[in-house]
Amino acid sequence: MRYTRRFLLICLGCASGLSLMPRHARARALRATPDELAATLHRLDARVRGEFASGTTVQLNGWVLSRTEARLCALCR
Amino acid sequence: MFVDARKLSKNFTIDADVCIVGAGAAGITLARDLAARNRTVALIESGGIEYDADTQALYAGAVVGHDFTPLDRDRLRFLGGTTNHWGGSCRRFDALDLEGWPIGLDALEPFYRPAHEICQLGPYDYEPMDWSSDDARPMPAATGANLKSGVFHYSPPTRFGTVYRNDLNSAEGLSVYLNANLIDIETSDSADRVTGLRLACLDGKQFRARARHYVLAAGGIENVRLLLNANRVQKTGLGNQFDQLGRYFMDHPYVVGGATVLAAASSPEMRFFTMRPMRGATIAGYLAATDEVRRREHLPPFAISIFTLGGTGAEPAPVALPPAIRSMLSEARANKIEYYLSRAMAELEKPADWLFDKVWREPPGTYTTLYICGPDPDPQSRVTLGDGVDALGMRKIRLDWRLPDNFEQQMQRAHELLGQDLGRAGLGRVRIESSATGHDPMENMNHGHHHMGTTRMHNDPRNGVVDADCRVHGIGNLFIAGSSVFTTYACDDPTMTIVALALRLSDHLKSLDT
């Protein structure tokens with residue numbers, strides 16, 4: 001369940017998950033207000049959904065993840 | 001009226017306009033409809049009103065291909081046939097399901113509505129949005145989505161031999177001969193017409209039947225056995241001049257646990273798959289590939305249902321399969337699956353709990369899938385005569401059921417498409433189970449007990465056994481009813497389409513008399 005747990009962490013918008021973002025966005029996110037964090041997660045969600053819609057998915061330990069989710073998983077390792 | 005053939009005088013001859021062999025869904029439907037059109041009908045049934053072990057043993061045969069239920073347990077041989085233990089799932093074929101057939105949906109559609117009533121179903125409505133409610137709704141249809149929603153209707157299920165027994169007994173011109181077994185089909189010297197049937201009881205008594213039209217409605221395996229055994233004139237069996245008889249045998253393989261789904265426990269989209277009463281019907285949702293995806297990906301017709309494993313706490317809850325699923329499985333298999341599901345939940349629930357509590361803000365729901373499909377027709381998947389004879393001296397059957405080598409890959413691809421659609425809709429995530437994840441779903445593979453394709457419908461006798469009117473190629477007055485005429489198999493219980501085809505055949509037989 002290693003990948004799964006990391007995937008779940010990412011869905012929470014953890015610090016590691018934010019590491020994919022541009023530096024200035026990450027910096028801002030780390031000091032994020034609730035609104036900023038919500039907006040960040042909203043963008044992440046839109047990107048992930050878009051990848052699912054276009055079939056840009058990979059499988060990790062059987063889980064069907066969007067490419068962005070998988071990359072975040074890799075960065076969590 | 002009912003006639004116990006054991007009480008007929010020796011060498012008795014039955015005379016009727018139409019003689020139908022087999023009193024299952026097809027035979028009973030056809031007999032009732034023809035009798036209502038003022039035809040005299042003889043309905044020949046091997047069994048009696050109730051189950052009898054000696055009669056049931058006539059189904060015995062050898063299985064040499066893919067694992068299959070013993071042939072003398074897979075079907076039922078008494079009044080009502082296999083409807084005596086069917087599950088009741090019904091669905092109308094769509095246009096793509098009929099691709100490859102010599103008839104289209106327009107030819108079947110007029111008969112589906114009355115078939116719906118005969119199967120005691122609710123409103124004739126297969127539009128998924130019409131079966132939406134506050135707590136159960138289909139996944140949102142999105143442009144470019146891989147899958148589309150559909151609904152199965154559930155019959156009570158109709159036990160044809162019980163529900164229509166009074167009709168059979170009272171219909172003018174209709175006689176049902178019980179305990180009567182077809183042992184030979186007599187033909188003209190050129191085998192272009194059937195001239196009579198030889199029948200026998202298990203006690204050895206023999207008699208005959210004569211009619212203008214003959215219909216075999218004995219099931220997807222037995223129809224073949226009867227034709228192959230009738231080899232006095234055509235040495236390879238009646239209707240088998242091009243070695244098509246018995247080929248393309250197919251059942252619906254299904255797998256429970258092909259994927260694990262994490263989604264909100266109270267998700268209306270997940271509840272859509274739950275069997276539930278609504279508007280005087282009992283229905284359940286499913287997902288199938290869109291026509292575009294089926295064509296693009298060369299996938300077989302399939303349906304995926306999603307059902308909850310129960311329990312949402314951090315500790316795995318006891319798992320019990322839904323009754324409908326459990327009834328499809330042997331006790332040993334059901335227990336095994338429940339054990340497996342419990343283990344899967346133990347592994348999944350804790351992180352899932354955490355995720356859903358934080359992100360979806362409600363307890364998690366853990367679900368599994370049921371995948372059922374109709375693989376492409378395979379001429380090597382076939383029924384032939386085997387060794388040995390039954391109590392009536394008829395040669396037994398040999399079944400070689402084959403599945404495509406890429407069956408599991410196609411199932412995994414179907415679940416991948418499901419994962420993409422659930423991710424796109426933000427409804428959840430899918431884990432495709434395999435031997436690599438430690439939960440090999442192929443261990444849970446079973447089959448639907450639907451025997452199809454062995455006398456397939458095709459305009460060309462080199463590619464099929466019956467024509468578009470269900471008439472055996474080359475034989476003017478011999479017809480076949482039932483799922484053995486299916487050219488392809490769709491992905492669901494064939495009963496309602498069997499009934500619709502029987503009604504269509506009734507129309508055709510009537511037209512021959514005018």
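Throughout these legends, a residue is called buried when its relative accessible area is under 20%, exposed when it is over 50% and partly exposed in between, with a 1.4 Å probe and protein chains only. The model is predicted, so local features need pLDDT of at least 70 and side-chain atom pairs count only at pLDDT 80 or more, while totals for chains, interfaces and linings use all residues. Residues are numbered from 1 along each chain as its sequence is written, chains are lettered from A in the order in which they are written, and side-chain values use heavy atoms, with hydrogens and water left out.

**View 1. An edge-to-face aromatic pair of Phe93(B) and Phe486(B).** Rings of Phe, Tyr and Trp (its six-membered ring) pair if their centres lie within 6.5 Å, and planes under 30 degrees apart count as stacked, over 60 as edge-to-face and the rest as tilted. The count over all chains is 12 aromatic pairs. In the pair shown, the centres of Phe93(B) and Phe486(B) are 5.6 Å apart, with 75 degrees between the planes. Phe93(B) is buried, with a relative accessible area of 1%, and Phe486(B) is also buried at 1%.

**View 2. Arginine charges over the rings of Tyr59(B) and Trp131(B).** A charge sits over a ring if NZ of Lys or CZ of Arg is within 6 Å of the ring centre and within 35 degrees of the ring normal. The charged end of Arg77(B) lies 4.7 Å from the ring centre of Tyr59(B), and that of Arg279(B) lies 4.1 Å from the ring centre of Trp131(B).

**View 3. An aromatic cluster in chain B.** One cluster is formed by Phe68(B), Phe249(B) and Trp401(B).
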